Amino acid sequence: MLSINDLHVSVAGKPILKGLTLEVVPGEVAAIMGPNGSGKSTLAHVLSGKAGYEVTSGSILFKGQDLLALEAHERAREGVFLAFQYPVEIPGVSNAYFLRAAVNAVRVHRGLEELDAVAFLKEMREQMKRVKMDPKLAKREVNAGFSGGEKKRNEILQMAMLDPSLAVLDETDSGLDIDALKAVSDGVNALRGPNRSMLVITHYQRLLSYIVPDKVHVLLDGRIVTSGGKELALELEERGYDWLRGDAAA
Amino acid sequence: MSRLTTAPWLGALKAEGRARFEALGLPSTKAEAWRYFPTRALRGVDLGAAGPEASALDADHIAALRLPGTIACAVFVDGRFSAERSDLAALPAGVTIGSLAAALAADPERVRAHLGAVAPSEGAAMVAANEAWFDDGLWVDVPANAAVEGPVEVLFVTTEAAGPATHPRNVLVLGRSAELTLVFGWSGPAGRAYATNAVTEIALGDNATLRLANVEDEGDGATHVHHLQARQGRDSTLKTFSLSLGGEAARTSVRAELGAPGASCHLDGLYLAGGKQRLDHYTEVDHQAPHTQSRQYYGGVIDDRAVGNYIGLVFIREGASKTDAQQLNKNLLLAPTATANAKPSLEIDHDDVKASHGTTVGQLDEKSLFYLLSRGISPEDARGILILAFAQDALARLGEGAHAQALVHRVAAKLGAEAVLEAEEIMA
């Protein structure tokens, strides 16, 4: 599904990712854990095609194709989805309009018919129920005035509607209370399947009790320094990251 | 040759306008109010040259200009009222909407009370030029307690046959508790240099309401100058929306005099400037009495090498207690070569008032654009969505009705975002 090989990325001339190699197979939920400044968000942004990140060497293959050759909107249409750490507020644009425009852009690219307004709204209402989102938020402006939990539920709603094959969740748990975290996790878990992979980027182990990963990778100073099963997250929770720093320097 | 009545008072008024214009000359950018507006295109133009005696205009041309949802339409061709192109049958009895020249012939004293009185030409060169050379314009007389239901459209069309400049003079008189919605539409031929120099005087009686959407969509070689000035009675409401789309250089100025308690005005607008257009808005709100309220919102979308300007002055005079004034101007620059000049200002001579002003000049928000792109929306649509959302902030102030909706569509079309608008409407 996703194959990252020796990836080096700089931001404003400063190297952030320094030889990151990672393999995610179809259906796998992989957690990326790491301290602040280790390059977690950079990885999420580079995968989604955000401007301002310079790939100096290395490659990313997504379903066998060169992901870096695609524009941000093309990646989304091909099936990459980024759940934002800080979802953007877009005043003047309704949530329902925005999401229908996105869904139809993706559908057309995949050779499906556009959803008309009625079919779209029916689908949207069903998916909103699954993430326990207030149906009134459909008509509201995108994320404008949403609480932190509502914004994150809105991200998961978009993910459900866009049906990606690779979902990248960038610190989806940070700042959420336990109810919102459960709702978001339930939404994510419902979307797990053999044809969908997920990259769950997080600072805290707590999320991984709700979204149980198949694999845990530790990102430190721009590289994956160790990988393991879900028990590695617990170990990191107890011991922190310092014991791994020797490996990073080596 | 003027068709106007030769009443001595009118002759004197016009002679005074001419003398004032000759003394003042064209406004220069040294004057604060005109600092961003190029009047050089008017230099050497014979502003007083007589227009054609009669201009022909197809009925189809008017039909294509008309907005849906309007109940009547007055048409001015090359500055003169065209009875045969107008359609005023639906107006209620007692309400007069038509030609100023005709009103001057029929009831000169009625007109005299307002003409040149609401917008004096003293110190105002372009108003003086209009006073000197107008020979017709819109006359509106709505008696007390009369409400015209539905918007009335007024089309000012310049044709190929027009002289170098037309000077429509519009005089609008609304009696006590009268109510009217007007839509002005300014248009002219493409690829031709011509000038429009209009003045609109508005006398609002106590508790009267006037809504006026002014749509400037002149030809691409036009220099358009339009000054609106209102004198407002107690508890009266003035709502103007100045939409600027066309012209090579176009300026719409509004002065509202809130001279009696409870009077309020909403001066709003939107300008879409592209190419090398220069679109100018100037406002003055004069709070002279207590409990007066003003709201202003002007939005500008500026592309290419165009320049969009907003200068807004709010005066709060001594004794104008409990005045509440808000003034906001927001600009969206779509190209690095586009320019916005924004100058809001407040002059407050009284305590115990609320007043705020603000201005922003920015580009499309990169974070918002990326958010849309990351969901699969194309770069063109993403831009269209955000530009339209910006414009809609201003357009929300246009009010209700099919005519307003049609204007929103015209704006969306000019922004290349009509498909976006249609899809938004489906989901609304």
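User: With which side chain does the side chain of B:His350 make a polar contact?

Analyst: A polar contact is a pair of N or O atoms within 3.5 Å; within protein, one must be able to donate a hydrogen and the other to accept it, and residues adjacent in sequence count only if both atoms are side-chain atoms. Here the partner of B:His350 is the side chain of B:Ser321, at 3.1 Å. The side chain of B:His350 also reaches the backbone nitrogen of B:Gly319, at 2.7 Å. This is a predicted model, in which local features need pLDDT of at least 70, side-chain atom pairs count only at pLDDT 80 or more, and totals for chains, interfaces and linings use all residues. Side-chain values use heavy atoms, with hydrogens and water left out; residues are numbered from 1 along each chain as its sequence is written, and chains are lettered from A and ligands numbered from 1 in the order in which they are written.

User: How is the area buried between chain B and chain A to be read?

Analyst: The size of an interface is often given as the accessible area lost when the parts come together. The value is taken with a 1.4 Å probe and summed over both parts. Between chain B and chain A, about 2,200 Å² is buried, with carbon and sulfur atoms giving 71%. On the chain B side, B:Tyr371, B:Arg375 and B:Met427 lose the most area to chain A, together 38% of what that side buries.

User: Which residue forms a salt bridge with B:Arg375?

Analyst: A salt bridge is a side-chain nitrogen of Lys or Arg within 4 Å of a carboxyl oxygen of Asp or Glu. A:Glu155 is the partner of B:Arg375, their closest N and O atoms being 2.7 Å apart.

Definitions and conventions:
Buried area = accessible area lost by both parts, 1.4 Å probe.
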